[in-house]
Amino acid sequence: MNKVVQTAFRSTIEFLRSEIELMPLSRWNESVLRYYFCRSLAVAYPQVEQFVECDKIDLVLRQPPLVAFIEFKFYRHPRRFDPYDGRPHSFKGGPGRKNVGEFQACVDHLHERPFVPNLSKYVVLVYADPMDGSRPNLRFSHYYDDYRHPNAHVSIHRIECSKPIETTDAIVRARLYEVA
């Protein structure tokens, strides 16, 4: 299933790269990312069955006898805006212990799923940091560029790493991990 997932990952990231000017990062989230991943997969591998949000898994793929569980994580530095005049306010969330804890819980969730023959488990991670140097001490890249899970019993292996996507306001990075 690696080839199927890697093909969809690459296609999704290339689509993000091509669309980022028209559809800025502020309009993307995990659901949009998953949609384009599923669409890319349907184009390249129409015979692969897709089940979205299946038993608390973002995406389940089936091509008997192969099965894949995939979780999607999309992190950026979202701004709060005044709904009346559009002026930016403070940042909403961002990198830190809470965010990393959420990512680790996602990896743990996949790791703890019972293993059956021909099952693969993946995490698609996309994250963006501001280009302007704002929030220099709060950067997703600090936590995720060379991510290592704190539990030695949890195996997480990076199998894809896209080239950074530079926009006018952010640097976007994408990773595809396999969890065992």
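**A first look at the fold**

The protein has four helices and nine strands; both are DSSP runs numbered from the N terminus, helices being H or I of at least four residues and strands E of at least two. This is a predicted model, where local features need pLDDT of at least 70, side-chain atom pairs count only at pLDDT 80 or more, and totals for chains, interfaces and linings use all residues. Residues are numbered from 1 along each chain as its sequence is written, and side-chain values use heavy atoms, leaving out hydrogens and water.

Q: In what order do the elements run from the N terminus on?
A: They go α-α-β-β-β-β-β-α-β-α-β-β-β.

Q: How much of the protein is buried?
A: Buried residues make up 45% of the 180 residues. Buried means under 20% relative accessible area, exposed over 50%, and partly exposed in between, with a 1.4 Å probe and protein chains only.

Q: What about strand β3?
A: β3 covers residues 66-75. Nine of its ten residues are buried, so the rest of the structure largely encloses it.

Q: Which sense does its pairing with β2 have, parallel or antiparallel?
A: Antiparallel, over five bridges, with β2 at residues 57-63. Two strands pair if DSSP finds at least two bridges between them. L61 has A68 in β3 as its bridge partner.

Q: How many residues sit between β2 and β3?
A: Two, and the strands form a hairpin.

Q: And β3 with β6, parallel or antiparallel?
A: Parallel, over nine bridges; β6 is residues 119-130. F69 stands opposite K121 in β6.

Q: Switching to α3. How far does it reach?
A: Helix α3, residues 97-112, has 16 residues and reaches 22 Å from its first C-alpha to its last. That is close to the 22 Å expected at 1.5 Å a residue, where the expected span is 1.5 Å times one less than the number of residues.

Q: Which residues of α3 are buried?
A: N99, V100, F103, C106, V107 and L110. They cover an arc of only 115 degrees around the axis, so they lie on the same side of α3. The arc is that of the directions from the helix axis to the C-beta atoms.

Q: What do the buried residues of α3 pack against?
A: β3, β6, α4 (140-144), β7 (156-161) and β9 (170-179). Contact means heavy atoms within 4.5 Å.
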